[in-house]
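Trainee: I'm new to this structure and would like to learn how its features get their names. Could you take me through it step by step?

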Amino acid sequence: MDHWKGLVARALALGAAVALLPALSEVDASASPGCPSVGKAWAAPGPFAVAETPSGAGHTLFHPARLGGCRTYPVLLWGNGSGSTPETYAGLLRHLASHGFIVVAADTGAAGSGREMLAGLDHVTAEHHRPGSVFRGRVALDRVGGTGHSQGGAGAIVTGADPRVDTVVPIQPGPFSDHRLLHGPAFYLAGQLDLVASPLLLVHPRYRESGHVPAVYGELAGAGHTEPTGNGGGYRGPVTAWFRFHLLGDEQARGVFFGPDCTSCAAPEWSRFERNARAQAVPGGR
């Protein structure tokens, strides 16, 4: 009798384990998006053809034309510089989309409040759940970044206070945003010759005062304030690498910023490159 009881118990345990397999697979697949590798070609076009889709609600979406190849796609919220539109930065935004991101660009030249950018996250959240949407079930709502240029860079800092936003890259950010509310890693980008968003007065001080999060400061040698327009110029590769590491789990990008052998730390394209104590504590790659 004890022998049969043991067999029954083992059978029930095996059945329970088998029943769990689909759920475990689903969780693992979601945690590992499985997007194609790009080697270390951060500044080169990514593996996805790109489409532009107006949201009808004040945004332009740049995204992989065919949402296949990754289980889900991280979101990047984009803010334009003052008086600009997403087309001002279309080359950069299409580039990011080609690397597997859904870029939600606010159709405004006044993105400094961050409100329009976060409204873009509300929009793709609704699309993720809407039957019939091409984005249904494809948006990685647990992997979201904020970025933008000038006034939009300030807006990116604002988005970083939202608990849904994991990391931010303010590019030559303007004033009127509270970096003390950031809760995730930040990559501050400045231009050595920028006379509008002064590295000395506007960008580096906010990096220096962001000791509560891992923060990195990159000052691009010879760059003026219009460097990010068009295809992103010298910022294109570093921005892509940052988001591929933090939102796509691309380990090949880790060493660009972190560890004792970080490749950016002494790279000649930077007139100044710094990491705060929290960023220096992030382990490097192999």
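Mentor: Gladly! Let's begin with a term: a disulfide is a pair of cysteine sulfur atoms within 2.5 Å. Keep in mind, too, that this is a predicted model.

Trainee: Then what makes cysteine 262 and cysteine 265 a disulfide?

Mentor: Their sulfur atoms are 1.7 Å apart, and the cut-off is 2.5 Å, so the pair counts as a disulfide. The link of cysteine 262 and cysteine 265 is right-handed, with 120° about the S-S bond.

Trainee: Is cysteine 262 buried or exposed, and how do you know?

Mentor: Buried means under 20% relative accessible area. Cysteine 262 has 7%, so it is buried. Cysteine 265 has 33%, which falls between 20% and 50%, so cysteine 265 is called partly exposed.

Trainee: How many disulfides does a search of the whole structure find?

Mentor: Two. The other one joins cysteine 35 and cysteine 70. Their sulfur atoms are 2.0 Å apart, within the 2.5 Å limit, so this pair qualifies as well.

Trainee: Which parts of the chain does the pair of cysteine 35 and cysteine 70 link?

Mentor: Distant ones, 35 residues apart. Cysteine 35 is in the loop between helix 1 (2-31) and strand 1 (50-54), while cysteine 70 is in the loop between strand 2 (59-64) and strand 3 (73-79). Both cysteine 35 and cysteine 70 are buried. Counting bonded cysteines along the chain, the disulfides follow the pattern 1-2, 3-4.

Trainee: How many salt bridges does the search of the whole structure find?

Mentor: Nine. One of them joins aspartate 162 to arginine 164, whose closest N and O atoms are 3.0 Å apart. Aspartate 162 is at 14% and so counts as buried, whereas arginine 164, at 32%, is partly exposed. Asp162 and Arg164 also belong to a network of salt bridges with Asp122. Another bridge brings together the side chains of aspartate 250 and arginine 244, at 2.7 Å from N to O, and both of these residues are buried.

Trainee: What about arginine 236: why does it have no salt bridge?

Mentor: The nearest side chain of opposite charge, glutamate 227, is 7.8 Å away, and the limit is 4 Å, so no salt bridge is counted for arginine 236, buried though it is. Arginine 236 is in helix 6 (residues 236-248). A polar atom of its side chain lies 3.2 Å from the backbone oxygen of asparagine 231. Leaving aside neighbours within four places in sequence, arginine 236 is in contact with Ala43, Leu92, His95 and Asn231.

Trainee: How do you know that the length of helix 3 agrees with what a helix should span?

Mentor: The expected span is 1.5 Å times one less than the number of residues. Helix 3 (residues 115-129) has 15 residues and should therefore span 21 Å; its end C-alpha atoms are 22 Å apart, which agrees. The buried residues of helix 3 include Met117, Leu118, His123 and Glu127. The buried residues of this helix pack against strand 2, strand 3, strand 4 (102-106), strand 5 (139-149) and helix 4 (151-159).

Trainee: Where is glutamine 172, and is phenylalanine 176 buried or exposed?

Mentor: Glutamine 172 is in the loop between strand 6 (167-171) and strand 7 (186-191), and phenylalanine 176 is found in the loop between strand 6 and strand 7. At 0%, glutamine 172 is under 20% and so is buried. Phenylalanine 176 has 79%, over the 50% cut-off, so it is exposed.

Definitions and conventions. Residues are numbered from 1 along each chain as its sequence is written. This is a predicted model: local features need pLDDT of at least 70, side-chain atom pairs count only at pLDDT 80 or more; totals for chains, interfaces and linings use all residues. Side-chain values use heavy atoms; hydrogens and water are left out. Helices (H or I, at least four residues) and strands (E, at least two) are DSSP runs, numbered from the N terminus. Buried means under 20% relative accessible area, exposed over 50%, partly exposed in between (1.4 Å probe, protein chains only). Lys and Arg count as positive and Asp and Glu as negative; His and the chain ends are not counted. A polar contact is a pair of N or O atoms within 3.5 Å; within protein, one must be able to donate a hydrogen and the other to accept it, and residues adjacent in sequence count only if both atoms are side-chain atoms. Contact means heavy atoms within 4.5 Å.
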